[in-house]
Structure formats: C-alpha cells, structure tokens
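Here are my notes on the model you passed along. Have the viewer open while you read.

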Amino acid sequence: MEGDMSPLKELVQAAKEIFPGGNAQFIVDEAHSMGVVGEIGLGDVKALDLDSEIAIKTHTFSKAFGSIGGVILGKHTIKNALVNFSRSTVFTTAPAFHQIAAIRAGYYLMPQPETKAEEANERKIISIPVSEDWDEREFDTQLVPLWTRERYDLWLTFHLDARKYSAFPVTFPVVPKGNARLRIVIHVDHTEEQIDELVAAICEWAEEMIEIEMGTKGRGKVPWAAQQVYALSEEGVINGDIA
C-alpha cells in the first residue's frame, strides 16, 4: 500500500531457521511488482532469485499490464488443489481474446530497454521531496504514499483533480480508520517538470489548509476545490456519496 518492499529474503532465511522441517511456506502477492520490479519486470521473487523457496505466487494483469485477470503460480500439487477445490477458479469463465492479447503484449514489452527501471532513475523522476531526508531515500517501486487526515484525503483529491491530476483516495476499510492517504503512481514517461508541478499543487493545497485551520484571510472551513465539488453535487451535476 505504501510502495515499500517486504524483506522477503530475510523472512525466508528466518523461516528455515525456525522451521527446519519446511513447515513454513510463503505466498507472495506480486500485484504491484509484476511488470515493474526486477531487471525485466518479472517481480520481486524473481529479482531476489527465490523462485525455489516460494510455494505460491500471484500475478495480476490489471495493473502494469493494463489488462484484466491474473495467474496463480505454484507446484503441481497446488495447481491440482485449485482445479479440484477452488470453486471461484473452477467456475470462472475463460478470458476474452483481447485480454489475452494485451497480456501477451505486456510480456513482449517487458524486456524492451525503454521499460527498464534504470531509465526512471536516469531521468530523475523519483526524486520527490515528500519527507525529511527525501534526497537519501530509496524508492523501490512506482508507488509514493501521501498521508493525510480523514476527509482531507478527499479534499486533496478534489484539489488535484481541479489541477488536472488524476488522484484517488485510499480510505477505510481498505486502510485502518485514521490512516487515509493518497497513492501517487509514477510512470517512466513523466518528466521532472511534471513532478515539480505536482509537488507545487500539493503544497498549494497544504498552504490553503493551514490558512483554514488558522482562520486567516477570511477563509471558510472547506477548501476552494471541495466547495466546487459540493456545489456541483447539490446541483445534481455529479452523483455519488461525497463526504
């Protein structure tokens, strides 16, 4: 959720020491690492050379691949168990042709030079001042979390939307109450100028919220962008449950 990486190699080693009989097995969800992490985007397990140590891997094709569906990778015993006992798998219809075509295209593109993570580092698109000592922080994935308060996450979303940035809040029950956040997803084709503009838009909103909380400049209790959204909602221009 925060774009951080699990210390998978250390966990595997600890499991071997605690359970020498091999009674501990790992299931790794590679939803966000597939297509991003590793030399050609085959995921964290492959990057760490831990394929032989992991019982089950799940890969999602609805994120970096831009398609839909996913796969469960494991040994023959795992596959047999799923085929015979997993009702949601047994009764799932086969994917459509265009979905398979998109997945195959994704696998084709992964080894291409322009998809490598090194290009993102060379273009400095992940040098984002989001916290103290930001210039020394290592960004292992494309996800950058932006933490804020409850309801403020919606207001920041409205503000960024008004500035032509597509943003989506992550709220309860996806995360615990009081831990609302936005996730910023960085793409390799984003420029340093675009990142600077995004940071400026976030700072603009933060300054407005400080003025509201301090009661300066005669502002109301709701930021400008949120006022526009609430007004459109009351007029019936937009629908949905807006807090």
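The points below go from the whole chain down to single residues.

1. Ground rules. This is a predicted model, where local features need pLDDT of at least 70 and side-chain atom pairs count only at pLDDT 80 or more, while totals for chains, interfaces and linings use all residues. Residues are numbered from 1 along each chain as its sequence is written, and side-chain values use heavy atoms, with hydrogens and water left out.

2. The chain overall. The secondary structure comes to nine helices and six strands; helices (H or I, at least four residues) and strands (E, at least two) are DSSP runs, numbered from the N terminus. Of the 243 residues, 30% count as buried, where buried means under 20% relative accessible area, exposed over 50%, and partly exposed in between (1.4 Å probe, protein chains only). The chain exposes about 16,000 Å², and carbon and sulfur atoms supply 55% of that area. Accessible areas come from the Shrake-Rupley method with a 1.4 Å probe; for residues, only the protein chains shown count as cover. As for contacts (heavy atoms within 4.5 Å), take those with a separation of 6 or more: residues 24 or more positions apart account for 60% of them.

3. The sheet. Look for an open sheet of three strands in the order β4-β6-β5, with antiparallel pairing. Two strands pair if DSSP finds at least two bridges between them. The edges are β4 (143-147) and β5, each pairing on one side only. Between β4 and β6 there are five bridges, in the antiparallel sense, and Trp 147 stands opposite Arg 181 in β6. Helix α7 packs on this sheet, where it touches β4, β5 and β6, and its direction makes about 40° with that of β6.

4. The helix pair. How are α7 and α9 set against each other? They pack at an angle of about 90°, with their axes 8 Å apart, and α9 covers residues 224-234. Axes here are lines fitted to C-alpha atoms, for helices over the stretch in contact, and angles run from 0 to 180 degrees between N-to-C directions. That makes α7 roughly perpendicular to α9, a label used for 65 to 115 degrees (under 35 is roughly parallel, over 145 roughly antiparallel, the rest oblique). On the α7 side, Trp 155, Phe 158, His 159 and Ala 162 meet Trp 224, Ala 225, Ala 226, Val 229 and Tyr 230 of α9. By class, this contact has eight nonpolar, one polar and no charged residues. Ala, Val, Leu, Ile, Met, Phe, Trp, Tyr, Cys and Pro count as nonpolar, Asp, Glu, Lys and Arg as charged, and the others, Gly among them, as polar.

5. His 159. Leaving aside residues up to four places away in sequence, His 159 touches Ala 201, Glu 204, Trp 205, Glu 208 and Ala 225.

6. A cis peptide bond joins Phe 172 and Pro 173, with omega about 10°; Pro 173 is in the loop between β5 (169-170) and β6 (181-185). Asp 49 is not a glycine, but its phi is positive, near 60°. Asp 49 lies in the loop between α2 (44-47) and β2 (56-60) and is exposed, with a relative accessible area of 65%. Lys 164 also has a positive phi, about 70°, without being a glycine. Lys 164 sits in the loop between α7 (152-162) and β5, and is exposed at 75% relative accessible area.
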